[in-house]
Amino acid sequence: MNLAQSIGQAAQLACILEVVSPKPGNVNRQHDFDDTRYEDFLLSAISIGPAIQSAARQGVGQTIWKAIRATRQLVASNTNLGIVLLLAPIAKACFQTNGVKFKGPGAEACVHRIRRELSLILANLTVQDARHAYRAIRLAAPGALGRSGEADIEQEPCITLLQAMQLAKDRDTIAREYTTGFEITFEIGYPALKQAWESQNDPRMALVQAYLATLARVPDTLIARKRGSETARRVSGRAEEVLAAGGVFSAEGRQAIAAFDLELRDASHSLNPGTTADLTTAAAFLVLLERFQSQNLSPRLTEG
């Protein structure tokens, strides 16, 4: 498998792993939403592969646009805009490292190298990147986006994509990732998922643990836009309680996860921590790519 295939398949598998994992409040094999079904997320995962594989040959904005356009050809609702916004620059950074190997004690240094390349890519984002990204956002039509007086998504941007993200960073965690060198992805999600996967040897439950770890420390901005910042903080507090009960690693913790899931489900899905799911998918992309490179094979999503 060449580098482009590894990166494309790691992105697809990260999206699949995200939706097959029983994360509280999200769509999964047991739960659909009115406007999005489990199958929609599987189709979306498959659809982004070609665009991500081509990230080395095009701008970040163009990768975002191609991935969302491909998704829209198969799925009628927004399933992966946040994921694509996160994966597109990380994928390009992975190409820039010329396929670094994650093997052995140097694995951590490889991830740091990817992040350094990512910071350079983010700093050099262009107005054209913003135009492609805005076009993708309009096509995806995410809910609860709101309107902004400056660089509104309905207008053609005249600033770079990084500058646009800086304007949105206080109301959207994904935008804030662009301004911090993907701090949450690299410093919270990635280490939490890697540690849980190594301890649990169950990638689905490891992802749930990383999701809870991220949600506990970072209030979900999709919830904040729908229900207010206080509600988002309360949900994060509940995630912290679930972790304190043991998370996926104990019977008590798993019971707490099930109760938390019920609390987050209502007819409007307004307590869905969707941004947290996107952030966890970005972490999964890094871990999966690491496993591809270190083992030279496709990591299984199920054991046995």
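This is a predicted model: local features need pLDDT of at least 70, side-chain atom pairs count only at pLDDT 80 or more; totals for chains, interfaces and linings use all residues.
How many aromatic pairs does the structure hold? The count is 1. The partners are Y178 and F182, with ring centres 5.5 Å apart. Their planes stand at 50 degrees, so we call the pair tilted. Edge-to-face would need planes over 60 degrees apart, and stacked would need under 30.

Next, D172. Where does D172 lie? In the loop between α8, residues 161-168, and α9, residues 173-179. Is D172 buried or exposed? Its relative accessibility is 17%, so D172 counts as buried. The cut-off for buried is under 20%. Now its contacts. Leaving out residues up to four places away in sequence, D172 touches T221 and R225.

Last, the helices. Take α4, residues 60-72, and α7, residues 127-140. Their axes are 7 Å apart. The packing angle is about 20 degrees. Angles under 35 degrees count as roughly parallel, and α4 and α7 are therefore roughly parallel to each other. The crossing of α4 past α7 is left-handed.

Who meets whom? On the α4 side we have V60, G61, Q62, I64, W65, I68, R69 and R72. On the α7 side we have D129, H132, A133, R135, A136, L139 and A140. By class, this contact splits into 8 nonpolar, 3 polar and 4 charged residues.

Note on methods: Residues are numbered from 1 along each chain as its sequence is written. Side-chain values use heavy atoms; hydrogens and water are left out. Axes are lines fitted to C-alpha atoms, for helices over the stretch in contact, and angles run from 0 to 180 degrees between N-to-C directions. Helices (H or I, at least four residues) and strands (E, at least two) are DSSP runs, numbered from the N terminus. Angles under 35 degrees count as roughly parallel, over 145 as roughly antiparallel, 65 to 115 as roughly perpendicular and the rest as oblique. A crossing is left-handed if the near helix is turned anticlockwise from the far one by less than a right angle, and right-handed if clockwise. Contact means heavy atoms within 4.5 Å. Ala, Val, Leu, Ile, Met, Phe, Trp, Tyr, Cys and Pro count as nonpolar, Asp, Glu, Lys and Arg as charged, and the others, Gly among them, as polar. Rings of Phe, Tyr and Trp (its six-membered ring) pair if their centres lie within 6.5 Å; planes under 30 degrees apart count as stacked, over 60 as edge-to-face and the rest as tilted. Buried means under 20% relative accessible area, exposed over 50%, partly exposed in between (1.4 Å probe, protein chains only).
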